[in-house]
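Please read them alongside the sequence and the coordinates.

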Amino acid sequence: MKMDSPSLSAISHPHIVKIYNFVVHDGCGYIVMEYVGGISLKDVLGARRRANRGAPDPLPTAQAVAYLIEVLSALGHLHEQGMLYSDLKPDNVMHVGDGIKLIDLGGVRHLADLDSPIYGTVGYQAPEVSDVGPSVASDLWTVGRILLSLAADFRGNTTTYAASLPSPEDLTL
């Protein structure tokens, strides 16, 4: 079963966008949620690359880890509520003020849901998801992928290394 409005609107965590309501107007469904300003972690990396004249400029490891500690707090809250995020990637993590917020809850599902469509992103989704579905472990896989994407010049994450990791020699930190 897909997440229902009472379940998503009951999520309350400082690092997760707040859903206020679900509205249907003229046959189209809309989510009314908190406005989240800031910049996605994908765009943080893009800005660093542009400032470095097009050359990769990964985040310092300590900064990348600090972001992901907050991501883990948000994921832990979802997991405690019996939910999986399922589509974590740098695009869905916003740097806001001194912290982060997870956005795009469209892929969130109940742990026991075996029927709903599975949402994920090549290069971040754990390789077993297509066979066995999302899990707490697959949510954690995405955290590792994001850490590598933030702290190293991780090329080929959606192609050559979509389900594996490059050797340390092939990474630029």
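**Notes on the predicted model**

1. Asn-92 is found in the loop between β4 (83-84) and β5; helices (H or I, at least four residues) and strands (E, at least two) are DSSP runs, numbered from the N terminus. Asn-92 is buried, with a relative accessible area of 4%, where buried means under 20% relative accessible area, exposed over 50%, and partly exposed in between (1.4 Å probe, protein chains only). Leaving aside residues up to four places away in sequence, Asn-92 touches Tyr-85, Asp-87, Lys-101, Leu-102, Ile-103 and Asp-104; contact means heavy atoms within 4.5 Å.

2. This is a predicted model, in which local features need pLDDT of at least 70 and side-chain atom pairs count only at pLDDT 80 or more, while totals for chains, interfaces and linings use all residues. Residues are numbered from 1 along each chain as its sequence is written, and side-chain values use heavy atoms, with hydrogens and water left out.

3. Ser-86 is found in the loop between β4 and β5. Ser-86 has a positive phi of about 75° although it is not a glycine, and at 9% relative accessibility it counts as buried. Most residues other than glycine have a negative phi.

4. Asp-104, one of the contacts of Asn-92, lies in the loop between β6 and β7 (109-110). Its phi is also positive, about 55°, although Asp-104 is not a glycine. With 39% relative accessibility, Asp-104 counts as partly exposed.

5. Which strands make up the open sheet, and in what order? The open sheet has 3 strands in the order β3-β5-β6, with antiparallel pairing; two strands pair if DSSP finds at least two bridges between them. β3 and β6 stand at the edges, each with a single partner strand, so one side of each is left without a neighbour in the sheet.

6. Within this sheet, β3 (residues 39-40) and β5 (residues 93-96) pair in the antiparallel sense over 2 bridges, and Ile-39 stands opposite His-95 in β5. The antiparallel pairing of β5 with β6 (residues 99-102) extends over 4 bridges. Here Val-93 stands opposite Leu-102 and Val-96 stands opposite Gly-99. β5 and β6 form a hairpin with 2 residues between them, and Gly-97 in the turn has a positive phi of about 60°.

7. Another hairpin is formed by β1 and β2, with 2 residues between them; Asp-26 in its turn has a positive phi of about 50°. Strand β1 (residues 19-25) and strand β2 (residues 28-33) run antiparallel and are joined by 6 bridges. The bridge partner of Ile-19 in β2 is Met-33.

8. Overall, the protein has 5 helices and 7 strands, and from the N terminus on its elements run α-β-β-β-α-α-β-β-β-β-α-α. The radius of gyration is 17 Å, close to the 16 Å that the globule rule gives for 173 residues, so the protein is as compact as a globular protein of that length. The radius is taken over C-alpha atoms, and the rule is 2.2 Å times the number of residues to the power 0.38. Along its principal axes the C-alpha trace spans about 50 × 35 × 30 Å.

9. Of the 173 residues, 42% count as buried. Among contacts between residues at least 6 apart in sequence, 57% join residues at least 24 apart.
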